[in-house]
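I shall present one structure, beginning with a charged side chain and its partner and moving on to helix packing and backbone geometry.

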Amino acid sequence: GVSLAEQGYRTGLTPRHYAVKMPVFPFVKFQGADPILGPEMKSTGEVMGYGASFEEAYAKAQLATGVVPPLSGVALISVRDADKPQAVLLARGLVERGFRLVATRHTAETLRSAGLDCVTVNKVREGRPHVVDLIINREIALIVNTTQGREAILESRSIRREAIHQKITYYTSVEAAHAMLTAWGHTRDFKVHPIREWLGGGEGH
């Protein structure tokens, strides 16, 4: 019940550096495990990235977990209705970076209505060729898939499992994919400094 101001903390501070902590999910080691997050504990460790900006710190944390976002290729987007407005912004950013888009039917309609070129792909239950076929054939470089409701979660399980098997970068939230997009340029262009330089007020980045 005591505010930060009452405890003597000042507002409006500009941090000297950023830190992003990220869980490690070794789904590839467990046959049959579903990578979608839920109330049960699935993380087996954590990493943390330090950077002069949020983007740099996020990129370092991603790389430390083994996630290396692709630089080009085909991006598959399939999101629940609540995420479609954000998905349009994400898709536009991907197109600006040279990606081509494929999406399941309703997501594709949303993207095309926003003026984006997008190829429609079938869900598994809609018949072949479907989304899992594209993943198995290595035609997809990046996946953004959000779901809601028991039926939708079960239906998209095969997408998540095959993405893990094929080692395709996969995001189960639009927010995480947006963060990846802002951090894109830092995944291959940053410097590493000893932790004492960050904590000791050094000039390292």
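This is a predicted model: local features need pLDDT of at least 70, side-chain atom pairs count only at pLDDT 80 or more; totals for chains, interfaces and linings use all residues.

Let me start with Arg128, which counts as exposed at 64% relative accessibility. The terms here are relative accessible area under 20% for buried, over 50% for exposed and partly exposed in between, computed with a 1.4 Å probe on protein chains only. Residues are numbered from 1 along each chain as its sequence is written, and side-chain values use heavy atoms, with hydrogens and water left out.

What does the side chain of Arg128 meet? It joins Asp133 in a salt bridge, at 2.6 Å from N to O. By salt bridge I mean a side-chain nitrogen of Lys or Arg within 4 Å of a carboxyl oxygen of Asp or Glu. Pro129 lies in the loop between β5 and α4. Helices here are DSSP runs of H or I with at least four residues, and strands are runs of E with at least two, both numbered from the N terminus.

How many salt bridges does a search of the whole structure find? In general terms, side chains of opposite charge can pair when their charged atoms come close.

One is between Lys60 and Glu56, whose closest N and O atoms are 3.0 Å apart. Why are these two separated by about one helical turn? The reason is that they stand four residues apart in helix α1, residues 54-64. Both Lys60 and Glu56 are buried.

Another salt bridge joins Glu126 to Arg105, with 3.9 Å between the closest N and O atoms. This pair links distant parts of the chain, 21 residues apart: Glu126 is in the loop between β5 (119-120) and α4 (131-136), and Arg105 is in helix α3, residues 105-113. Glu126 is partly exposed, at 31% relative accessibility, and Arg105 is likewise partly exposed, at 35%.

Turning to the overall fold, the protein chain comprises eight helices and seven strands. Of its 205 residues, 41% count as buried. Contact, here and below, means heavy atoms within 4.5 Å. Among contacts in the chain with a separation of 6 or more, 66% are between residues 24 or more positions apart.

Two helix pairs deserve attention. The axes of α1 and helix α7, residues 174-183, come within 8 Å and cross at roughly 110 degrees. Axes are lines fitted to C-alpha atoms, for helices over the stretch in contact, and angles run from 0 to 180 degrees between N-to-C directions. The contact is made by Phe54, Glu55, Tyr58, Ala59 and Gln62 of α1 together with Ala176, Ala179, Met180, Thr182 and Ala183 of α7. By class, the contact of α1 with α7 has seven nonpolar, two polar and one charged residues. Nonpolar covers Ala, Val, Leu, Ile, Met, Phe, Trp, Tyr, Cys and Pro; charged covers Asp, Glu, Lys and Arg; the others, Gly among them, are polar.

The second pair is helix α2, residues 84-96, and α3, which pack at an angle of about 65 degrees with their axes 10 Å apart. Lys84, Ala87, Val88 and Ala91 of α2 make this contact with His106, Thr107, Thr110 and Leu111 of α3. The contact of α2 with α3 has four nonpolar, three polar and one charged residues.

I close with backbone geometry. Most residues other than glycine have a negative phi, and most peptide bonds are trans. Which values of phi do Arg138 and Lys167 take? Phi of Arg138 is near 60 degrees, a positive value, and phi of Lys167 is also near 60 degrees. Arg138 sits in the loop between α4 and β6 (142-145) and is partly exposed, with a relative accessible area of 49%. Lys167 is in the loop between α6 (157-165) and β7 (169-171) and is exposed, at 69%. From C-alpha to C-alpha, Lys167 and Val67 are 9.3 Å apart in space, although 100 residues apart in sequence.
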